[in-house]
Each structure stands twice: as C-alpha cells, then as structure tokens.
2 protein chains.
Amino acid sequence: MDGMDRCSANYLPLTPITFLERSAAVYGDRISLVYGRVQYTWRETLLRCTRLASALVRMGIARGDVVAALAPNIPAMYELHFAVPMAGAVLCSLNVRHDAAMVSTLLSHSEAKIIVVDYQFEHIVMGAIKAMSERREKIPLVVIINEYDQPPSHIDREGSASGYLEFESLLESGKLDFKIRRPKDELDPIALNYTSGTTSRPKGVIYSHRGAYLNALSAVLLNDMCSLPVYLWVVPMFHCNGWSLTWGVAAQSGTNICQRNASAKEIFDNISLHKVTHMGGAPTVLNMIINAPTSEQKPLPGKVTMMTGGAPPPSHVLFKMRAMGFLIVHAYGLTETYGPATVCSWKPEWDSLPQDKQAKLSSRQGLQHVGLEEVDIKDPVTMESAPADGKTIGEVMVRGNTVMSGYLKDLKATREAFNGGWFRSGDLGVRHPDGYIELKDRSKDIIISGGENISSIEVESVLFSHPSVLEAAVVGRPDDHWGETPCAFVKLKDGCSASEEDIIKFCREHLPHYMAPRSVVFKDLPKTSTGKTQKFILKEEAKAMGSLPKQTSKL
Amino acid sequence: MDGMDRCSANYLPLTPITFLERSAAVYGDRISLVYGRVQYTWRETLLRCTRLASALVRMGIARGDVVAALAPNIPAMYELHFAVPMAGAVLCSLNVRHDAAMVSTLLSHSEAKIIVVDYQFEHIVMGAIKAMSERREKIPLVVIINEYDQPPSHIDREGSASGYLEFESLLESGKLDFKIRRPKDELDPIALNYTSGTTSRPKGVIYSHRGAYLNALSAVLLNDMCSLPVYLWVVPMFHCNGWSLTWGVAAQSGTNICQRNASAKEIFDNISLHKVTHMGGAPTVLNMIINAPTSEQKPLPGKVTMMTGGAPPPSHVLFKMRAMGFLIVHAYGLTETYGPATVCSWKPEWDSLPQDKQAKLSSRQGLQHVGLEEVDIKDPVTMESAPADGKTIGEVMVRGNTVMSGYLKDLKATREAFNGGWFRSGDLGVRHPDGYIELKDRSKDIIISGGENISSIEVESVLFSHPSVLEAAVVGRPDDHWGETPCAFVKLKDGCSASEEDIIKFCREHLPHYMAPRSVVFKDLPKTSTGKTQKFILKEEAKAMGSLPKQTSKL
C-alpha cells in the first residue's frame, strides 16, 4: 500500500532484551531476583547486565561470538541470559552434569570464546581446558563465579584457578554507559543449547532473538502468568533457557527465586517464604514433591501454578499434586522448540469429571501454545495427517516461529529435521477425537515384539500406578523368538518391596499380555540433569542381558 | 551461524489469524460470541469466517484489496476482523457516526471494493454511493447485514436496498474447503483505520499483520487477561479494531459479548448475565457508569477489569469506578499505535496510599506495554529527552513494532510523523521522577496566555472535581491583551446548578490565577463517536466569541 514506510519508528528486531529494559523502567524498585540473602531490583539487574555486557565486549567479545556458561540456578546465570545477548553474543548454557570430556567437546564445537563457570564446577572446566590444550585447540577464557555473599572459597581449595578472572570483578569492570548491542536482525542467534543427549551425540540447537521473544510470551500465557509473578527456579536455566522463562519472567516483571539445589525441603521453604506463584519442573520433581517426608512439607501460601513437561507425567502423580494444591500445567516440547511447544489446556467442563478421568485427560500433551502456529500427527513418509481417532500412531510434527533456527554446523541435520516443511520431533503420538495429541513414545523407544508395537510409555504408566514403584522405565530386550520383549527397570519407594513376579503380575492385570514386561530389573535409573531417564543406557544394559532363556520365552 | 535454515518449519509471518485457528482447535466447543439470543462456538466462528473469506474471494476480492465495514459491535463486525484478512484483504472499519459525505470520501480514498453495512446505517452508505456516482467514481459493492435472529426488516423500510447482497446469504455462499490466504509477509496490511478526526482531515492509518499480532498480545497482557476471559464489547470495534482486542480475545479463547448499543443498563445487565471479566471504554463510558441511576445498576458478579483510555480519566472518576468494584487499567495510545501503547501499570506499594493519591498516580499514562519498545518525552526540535522532573513539557514519542506502517497515499505525512526515527504523537506531556509519563495536552490544545503555557487538561481536571460538573473542556479564547485566555465549556449534572462566577471562583481556589478560566459556557459538548470531545469545534466557537471586554481582561 502506498504511504507505508519502514524505519526505526515502527520496526525493531524482536528481542527479549526489551523485557529487561521495560521491567527496569516500569518496576525498577521491584525485586527481580532473590538468592539466599542476596537480592536485586530490576533497576539493579539492568545495571548489572549492562556492566556485564560492557565487560564482555571489553574482553573482546564480538557480535555472534559464543559465551558459554556452566552454573546452577544462581543470579549470574540469570544475568548472563540478558548480558550475553546485550553484548551481541550467543549464550551457550551447558548442563552441569556433563563431565570434563563432554564439556571440552561442546566448547570446541561451539568455539566459545569465554566460559563462565560456577565455583562448584570449576574442576570440570579445568579438566575440559586441559583436554583442549592437549588437543592443541584454542581454549576459551575462564571466568569463575564465587559463591555470593560469602568469602571466595575456591582460592583455598586444592587445584584452584586463582589466576582466573572472577565474575563480580569482571562485572565491575564494565561501564554503565555501554551502548547495548541490539540484534541487527531478529533472526540473529541469541542462544545455543545442546540437546541433553538422551539418545545420540549432542547437537547444538540455535535459538533466535525472535523465537526467544515469542516463546517467552507464549510460556507466560500458557502458565496464565499475570504481571508480577514470583517464580521459583527448579527447572535448570541451562535447560532450554529455563523453558524460555528466564526471559518470560522479565516480560512480566516477576521476581526470580534462585536456588542452587532443588531438594523438596528447599522447594517447600522457598514457596512458603517468598509466596511463590509459579514454578516448573520435570515429572521427577513432581515425584519428589509428593513423596517428600511430611516434616519437609509446608502448606502452600496460595495457588502455585507448576508447569511440567519433558516426559508425560503419570496420572496418579498429577492427581496427587493437585490434591496438594498445585495447579499443574502440562506442557510438551523439545530443545528444538525452545522448551514448551504444546500445552494440555484445561477445559472448565473437565472440572465435573471424576478425578481419575481428569488426570488422564490432563496427562496428554494437548495442542500448540499461542506462539506456535501448528502441531500435527503425521505419517513421516507420506506426510499425511493421522485421523483424530486416538489410535493411529504418527510422528509429532510442529511448525512455527518458536522452532529452532537449526543445528550448529550441521545443515544436513537441520534440513533432515525440517524435511517437508515441518519440524520432525522424533516423538510418536496419536490425536484424540477432541484434537489433543498424546505421546506414545520416542520413535526409537517403541518396542516391537512379535510384530506388535508396544508403547514403553503405556507400560510405564501402569508401573507407576503400582503402590511400591517410585520410578520406572521400559525398554526392549532382545529376544530370539519375539525380536524384543519389554524389560522394566524399576526403582522402588523407600521402605517398599516387590518382587519381579509381583510387578509382572500387576502389569498383566492392567495390560494386554504381550505388553507386560517379561523381565524386571530393580535399580536407580540413570538420568540427565533435567530429570529425563537416559533410556539409551538402559537399552545397552538390556542388550547386554541378551535373550531370555527359552523356557520362559513363550507368552 | 552455520547450520541455520529458514523455511516453513521455523518461520511463518505473524498474523492474528492463527489466534482464531488455535481457539477453534483447542476450545472448539467454547462460546466465542454472544449477541442477544445468538451465540457461536469458536469452531463455528472459524467455519463462518472461512466461508465468509471464501465468499469475498469469489466476489473478486484480491490480495491487498480493501473491504470496508460500517457496523456497531455485532457478530458480523467481529467476524470481518478475521474473514477479511483470511481473504488476503484489508479491513477498513468506518466510524458509524460518519455522515454520508464522510463515508463517500473514505470509500473513495481507500478504494474499497466492498462495503459491508449494518441495516441501521444503510441509508448512510446509500447516500455515500449516490455521492460517489455523482462524482463518477468507482463504487463498491454493498453487502447489508440484517438484524440477527429477526426477520429482515430493511426490505420493508423506505429507500431499502433490497437489490443488495445480504450478509448471511453471502456467507453461506462461501466454501468450507477454502484455503486461507495467509500474509506473504508479516508486514502486509491487515487493516486501515481512519483517524477519528478531532482536528484535521481523517488520515488512513495502515496496520500490519505483525503489528496486529503483537499489539493484540500486548493488550491481553496489559489487561492481565488470563485464558478464557469474558469480554464485553463497549469500545467500538471500528476504533483501532477494538483497541486490538478483536484479535486479542481470540488469542485467549475468550467469549465476546456483543451489544448493539452501550447504555448503562445494557452494560450492567450483560456484566451480570454473562459474568463479564474484562471490558473497555472511554472516560465518557466510565462517567455513564458512575452516574447511572441506581435502578439500572447491578452488583458486579466478580472482578471486572476495565481498560480505559482515549483521554486521561479524571481522578475522581477513577476513584468512583474502583469503589464500585471495577479494576481500572489506564492505557494511552492513538490510532497510529493500534490503540493501547502505554499503560499506567499499578504498583503494589500504591495500595497503602490515600485514595486521592492513588487516583492521581493512576490517572497518568505510564510507560510502554510489553510489545512497544520505547516511549519518551522529547523536545520535538532537538529530539533531546526531557528530564524526569514532572515539569518539563515535551512531545510524547514512541517507537516499536506496534506503530503503524504509515498513512495511506500520504508518504509525506508518514515521513513527517516518523521524522527522527520516532513516531511523534502530537501529544504533550511530562515525565515524572518515577519514569511514568503524564499527558499535558495535545500540541494544538495548549493555551498560551501572556507567554505562559496552560495545560487545558489540568484546568479540566479541576473542573471535573467540581460537584456539579458532568463534563468539561477548556480551550483558548482570543484575547487582545493576553493572546489567549482559558475558556471553559461545561455540562452540568442533571439537577445541578452553578453560575459562571461559581466555576471561576472554584478554579481560582485550586489553580494558579492565570490558569483559571476567564469565561464559562454551559452546553452539551460535541463528541466524536469514540467519546472524545471535539475541541476544534469549541475552538471555533471561542474564536467567534472574540476578545473579552477590556475591563475584565486584567488578571
């Protein structure tokens, strides 16, 4: 249309940096962040992030450079989510459970110029740097974060890195008149998140300023997060940037309650002390909360909305959380979708259903949030949509502005993931008659026994309903006759007991015979730092077990 | 960064059309719209809009064509907000208070291909068409909307347009398998809104899909509108597309309560009947509500959040509304900013202040909402920011993604408005020490008396606090000695009386002497359809009055 003009008055690249600036302008005196005795206001957070961005630039950080971070949910980690983009750089938050070898691999792959590391994980980074030196790779500068509000402890520890830059000193060297480097294009990268590696070699998922902005607002909306929320950090910030809520809480000028560790006691204490309104956590956190000793539990000060995701929470867990007063928002997503992509939006008409029916309905993955344009269940070959029959299994595919920009240095993998114009999640699911989708399994976790597809998730949900079972995972065990048979790995609750026979019998009572596990292993389950069970480890274990002896191998 | 790819999997033009699609998918059975006995679900609304878009395309509507609408807040008007963009076209909602001459001017200027008109305003359009025919201009096709749920009434009226297409028949001719025409670029126009013309010739303000999407979400957030709101339509949908909430209510899968007229009785009845959670209205609506006869008032069923704007609401009005149980959200914006641009965000610490202080604080215009990047008070010549002293007057300027694309066919005016990289609002204001801005006047409404700037708004707010005054407006009256003196136009409340002397005396008790009106005229104030006082008419009147006689012209 004639008369239109595009200029800085009406077009600015979308970026979550504006959320911080606005909170500092509108709610400058409001507490932005609390960590033990440490607290900052939004005005202070903006000033600290500005100084930090300035300091990074003075250290030589250029547009597009990667700054890595290895830290738990502490203030520095939150500040890096704004300061690094404000320096025009890309934040690469690493999983604190990685070992030195993995960290060295990711530092090499990302070509990080700086790594900011919490004192607790200094030894990991030192190990990584050593490995990189030995490989004659360019090593990043190291910045150490001391514990806040305490005398620096790392200097006295053995193998200390006293020669390294210290975070607060670095921050103080920055200038307040620093001119924030806004993205030149809203598709410029803001973050690099390596997939948690439940299955394969980690891939570097690139997030854009635009995607981060839109998914942050979507996460706010799907949590019904009104202005001035009090958000408790349990979801690691290094996990999809805290499911996009590092930025989202700033959009709503909320208060971030940080905690180094996330024990049930700390969670209940912080909820009570700070009148937390919102939080998030993987199903393992829900498990921890409902199984916390009564002595550690505290009554909730008000409604606490808790977003969960990462794996479908078993119905009985959802049920117990609700009974405790938590309002559970069940979302689903992947690293590639900035965390939450779909949400099982609650419907008022469900209120009058029996509790078990409610839990069943809300354990589904639902539909796209407001910022994602489409979700579908498709045949991965023909790309045809599956009917909404609750039965036909297809691949969960999404498309929209909150899908990653691609995999770093792996255009081939990017194009494969986007083949057909949709992002292929690798998850299998069905669409129910009401349109909501439900995950059935990861493509690679489906168990094929005698030609039948067995959803490991379905078997697990039965195991979870056993009164003695705390955690469970089911994988395929090789079988000479059936190809595979379901093998359950189970962790029992403290003080509970159950035999292999008990478990198998229980499953046979609740499942078709062929779906019930044929073998049960009792043990602690290997987990990623985000609480996902590392099934590939269990699969290796099941593989090593070999086929069941013949006499028991008939169903 | 290497590995990035942009394709339909991760980039789609932002458009509010997705809000409708998502509501139909997630909340298909939920009521989308109620109008008397008529109601639709979100599934039905999507189907109706799809049919309507299809029908428009079958009528020959091409991408970028303008479809005009002249209707009150009825279902068709809401549907056009989605159906027209879904046809790839641009919606031009016209003010129902325009006369035939103005409508003909705007139809010509916009080159509308179709005009959809409510039966009540058919005669206006017929007059416009007649004028266009006489000017030998290309005339648009006319589509008449009959009253819903009633036998067509217009056919029997004199001068009927029985030859015209009827809205429901047109809609029914559309196909459900119509492929929605999404914008090719998110900056493609979605709407054309003519400024309400308080001062000058209307200008056609172009909105983009991107801006509409972002301002709709911003309006949702600034109203703390959680999912599933019940929204009462008082703000005309033709006014900045209902302050962006035509689209915003769809983003939150809310229920739209439509009403043809907005009397106090209808407002109270609908709030009570439908358990309204959100609404909006100009300060005149607030006035109407607080002055409604007790017989028409009904207790609110719950918290009702009401966004107001368009003119700064007098403190005592805000105060009374709150006492009635309304939670007032005071926003500010212009047609050029898709409606709301700033909001006087409430601060919890204000809760403990005296009521009059609270009202005073919240009658300010505040700061940018989450979707607008910046607001400033600037010297229009030097572009320097005014200090935050609450005194230095400058022009309110904004920039961000929720600023219009430009003025249709007037690139010169667009460039003037954007001169310096900011949108110049034409409003004068100050910045307070807490950062919030407060309007002092329109640039052209400031009164200059003896070299002193007098804010007409400040004088008006004193007049509003007079117990007998219902409405007031102050303009400059020419004066041989002082240049101008303030002249007040006042409408008294029913059954109240006050003399010119009373009013002047009252003002002198509350204002510096030079700011008090020197003359008072009692009369009904001329208004635009959106409730803004048409000061240019009053200025003409004051001009015609000429200078005050000399003996009274000394301060």
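Guide: **A helix pair and its surroundings**

In chain A, helix α10 (residues 264–274) packs against helix α11 (residues 283–290) at an angle of about 80°, their axes lying 9 Å apart. Axes here are lines fitted to C-alpha atoms, for helices over the stretch in contact, with angles running from 0 to 180 degrees between N-to-C directions; helices are DSSP runs of H or I with at least four residues, strands are runs of E with at least two, and both are numbered from the N terminus. The angle therefore makes α10(A) roughly perpendicular to α11(A), a label for 65 to 115 degrees, where under 35 is roughly parallel, over 145 roughly antiparallel and the rest oblique. From α10(A), Ala264(A), Ile267(A) and Phe268(A) make the contact, and α11(A) brings Val285(A), Met288(A) and Ile289(A); contact means heavy atoms within 4.5 Å. The residues of this contact are 6 nonpolar, no polar and no charged (nonpolar: Ala, Val, Leu, Ile, Met, Phe, Trp, Tyr, Cys and Pro; charged: Asp, Glu, Lys and Arg; polar: the others, Gly among them).

Please keep in mind that this is a predicted model, where local features need pLDDT of at least 70 and side-chain atom pairs pLDDT 80 or more, while totals for chains, interfaces and linings use all residues. Residues are numbered from 1 along each chain as its sequence is written, chains are lettered from A and ligands numbered from 1 in the order written, and side-chain values use heavy atoms, without hydrogens and water.

Now to the partner chain: 70 residues of chain A are in contact with 70 residues of chain B. Across that interface there are 4 salt bridges, each a side-chain nitrogen of Lys or Arg within 4 Å of a carboxyl oxygen of Asp or Glu. Arg210(B) pairs with Glu186(A), the closest N and O atoms being 2.8 Å apart. This pair runs from helix α7 (residues 209–222) of chain B to the loop between α6 (167–172) and β8 (189–194) of chain A. Glu186(B) and Arg210(A) also meet in a salt bridge, at 2.8 Å, N to O.
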